Amino acid sequence: MATINTSTRSSWLRYFLRRNYRAIIAFGILIMLFVAFLIIYPVRFSDNFFSAWANQGAGLAFTAVGQTLVVLTSGIDLSIGSIFALSNCLASVFLNGDLFHVFLAFILILCAGICCGLVNGIVISYTQIQPIILTIATGAIYYGIALFIRPVTGGSVNEALSDALTYSVFHIPTSLILILATLVLFWVLMKPTRLYIGIYAIGSSEKSAFMSGVRVRQAKIAAYMFSGLFASLGGLFLSLQTLTGDATIGMSYMLNSVAATVIGGTALSGGIGGIFGSVVGSYLLRTLKSIMFFAGIAPMAQPLFEGIVLMCALSIGSIRLLGMKSKIDIFR
Amino acid sequence: MRIARNPIFVSLIGIVVVALVGGIIFPQVFSINYLMQQLQLASFLGIAATGAMLVILIGCIDLSLPWVLTAAAIISSAFSGRGVLISVGVGLLVGLAAGLANGLGAAILRIPSIIWSLAVNFIFLGICVFITGGFMPQGHPTAIIKTIGIGRTLGIPNIVLFWCVLAFYIIMTLSRTRFGRFIYAVGSNERVSFLSGIRTRGIIVTIFVMSGICNALTGIMLSGYSNQAFQAMGDPYLIPAIAAVVIGGTSISGGSGSYVGTIIGVIFITYLSSLLSVLQVPEAGRQIFFGFVIIAMTISYSRRKEER
């Protein structure tokens, strides 16, 4: 870590590459896949095609960013799918009417997501209960509430808003602008704070973080709260795409958010990684899915292929095992 | 006050409370027939929870339960025309394959089982969709499986007897064999176990295979109980199985827990969900209630740690 202090440009670059090489590799693969997709895709490149592609990954990208913040603290949020589904169902009920009502509904849904995350964070940091068990339990609760709001798929969402946010501006998809704007804003505001450094510190070693004066509880609560917030943003965006509410979509988003986080270079053991990698991971997964769709794989074989791709993506992280000098390092 | 924090004691009190509340509303809850019916339902969850508990004991988790269970049931009943041995054998092979996949990922590739087993779950979902085309699977289970799944001997459901045998085997393995000691050792600290000469990776793979076979068995028996296999038949078993294990006092971080606790947890969960269905609570309310019960009970146990 001594190289950080030397201020020459090349050492800064080396440090940057060393910290982010996983995300950079993922980004390279994403570009290759995108080109492959362009070649396979039957129609010529257009704004519509670009925004359709961007929309497909948007919901997952937001959710994966939320998951990443929790994974960085070496926790996991298995309730993230349920929060996603809950905000989707809330949107299908409230996101309607004139501009004022839409605005109120928007705030309400984000608040619901924040509250769900806060409950997770507060219970995890003030009791000894493990994140896995707690978020499975709260996930059941949030799913129950979503099911209570929407027992069957249905409802409607303001179509003008949907049109405004799912097409493109100056040839750039609105959804991509939204994601990047949200994340850059979040990153610029949070990056220099003690809270954000605390999230990373807890993931590396909770004990050391505590002894170095990191407010462990505060940082944990913040991570889970942001996870809830981003999950509800993802749910909101999906509602704008599908215009309906469905309580049962959570499970697949939960799994994919963890997968996107891992593919984007965040270690499940915490402390390493970042939110932008997870956006890349989400788009990588979604692009692969589209490629499989257009490559002519039988529809009934697609879930199987998706699963195999997911497994291969997860195994990439195991390459690090080859570089371990001592066999003992393999074991926790 | 120490006994009030003992998971088995708390779960037993839970069972008594649920029985009393149920008994006040519906007196027939105390009839022998109702009890046997509940035990029968509990046995399926019990077999599934056995696998979940073993995996949790070594500090991992097996989330591939729902679709391994379903795939075993679907494939086993598809082969029912070729005799019971082949039918059950093929079903168990599905469990074996799932267990190997889970175990190799967790033990050799060192991928956290929480995400790896979810991916395995997804693979088996894919397999089920691929072989059935998404439709209702064909074929019915063999007569012998039906007898085990739904038949009774001397008034006791056969599946309960089956669970008793399995429980005896697991309790003996965990408490009386070297392998059982190794399971607790790996769960407490894998690195130290490895340095003490235990082949930890072999243990992990074996445990995941046992879990896969338990899940497959649950699926096969369930298909005997309902006389058919159907899509997503395993979905309602994942969270109750893990909840039963945790409520029964097994630590989710591994290394401690008793099978007796799991049995009591399974009976508590089954009793509770049957009470909720008797009260005609909708699915949404049930999910919410289950969530609260898991949180309340695990919080009440985890306070033990701070006292030490």
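Biologist: Where does B:Asn227 lie?
Modeller: B:Asn227 is in the loop between α10 (200-225) and α11 of chain B; helices here are DSSP runs of H or I with at least four residues, strands are runs of E with at least two, and both are numbered from the N terminus. This is a predicted model, in which local features need pLDDT of at least 70 and side-chain atom pairs count only at pLDDT 80 or more, while totals for chains, interfaces and linings use all residues. Residues are numbered from 1 along each chain as its sequence is written, and chains are lettered from A and ligands numbered from 1 in the order in which they are written.

Biologist: What makes B:Asn227 partly exposed?
Modeller: B:Asn227 has 13 other C-beta atoms within 10 Å. A residue is buried with 20 or more such atoms within 10 Å, exposed with 12 or fewer, and partly exposed in between, with C-beta atoms placed from the backbone. The value of 13 falls in between, so B:Asn227 is partly exposed.

Biologist: What is the phi of B:Asn227?
Modeller: Its phi is near 65°, a positive value in a residue other than glycine. Most residues other than glycine have a negative phi.

Biologist: Why is A:Ser74 called partly exposed?
Modeller: A:Ser74 has 17 C-beta neighbours inside 10 Å, so it counts as partly exposed. A:Ser74 also has a positive phi, about 60°, although it is not a glycine, and is found in the loop between α2 and α3 (80-94) of chain A.

Biologist: What makes α2(A) roughly perpendicular to α11(A)?
Modeller: The axes of α2 (residues 47-72) and α11 (residues 250-263) of chain A cross at roughly 65° and come within 8 Å. Axes are lines fitted to C-alpha atoms, for helices over the stretch in contact, with angles from 0 to 180 degrees between N-to-C directions. Under 35 degrees is roughly parallel, over 145 roughly antiparallel, 65 to 115 roughly perpendicular and the rest oblique. That makes α2(A) roughly perpendicular to α11(A).

Biologist: How do the residues of that contact divide by class?
Modeller: The contact of α2(A) with α11(A) has six nonpolar, six polar and no charged residues. Nonpolar covers Ala, Val, Leu, Ile, Met, Phe, Trp, Tyr, Cys and Pro; charged covers Asp, Glu, Lys and Arg; the others, Gly among them, are polar.

Biologist: At what angle do α2 and α11 of chain B pack?
Modeller: Helix α2 (residues 32-57) and helix α11 (residues 238-247) of chain B pack at about 60°, with axes 8 Å apart. By class, their contact has 11 nonpolar, no polar and no charged residues.

Biologist: How many residues of chain B are in contact with chain A?
Modeller: 44 residues of chain B are in contact with 41 residues of chain A, where contact requires C-beta atoms, placed from the backbone, within 7 Å. The largest share of the side of chain B that touches chain A, 15 residues, comes from α13(B). That side divides into 28 nonpolar, 10 polar and six charged residues.

Biologist: Why is chain A called as compact as a globular protein of its length?
Modeller: Chain A has 13 helices and two strands. Its radius of gyration is 20 Å, close to the 20 Å that the globule rule gives for 332 residues, so chain A is as compact as a globular protein of that length. The radius is taken over C-alpha atoms, and the rule is 2.2 Å times the number of residues to the power 0.38. Buried residues make up 46% of chain A.

Methods:
Contact = placed C-beta atoms within 7 Å.
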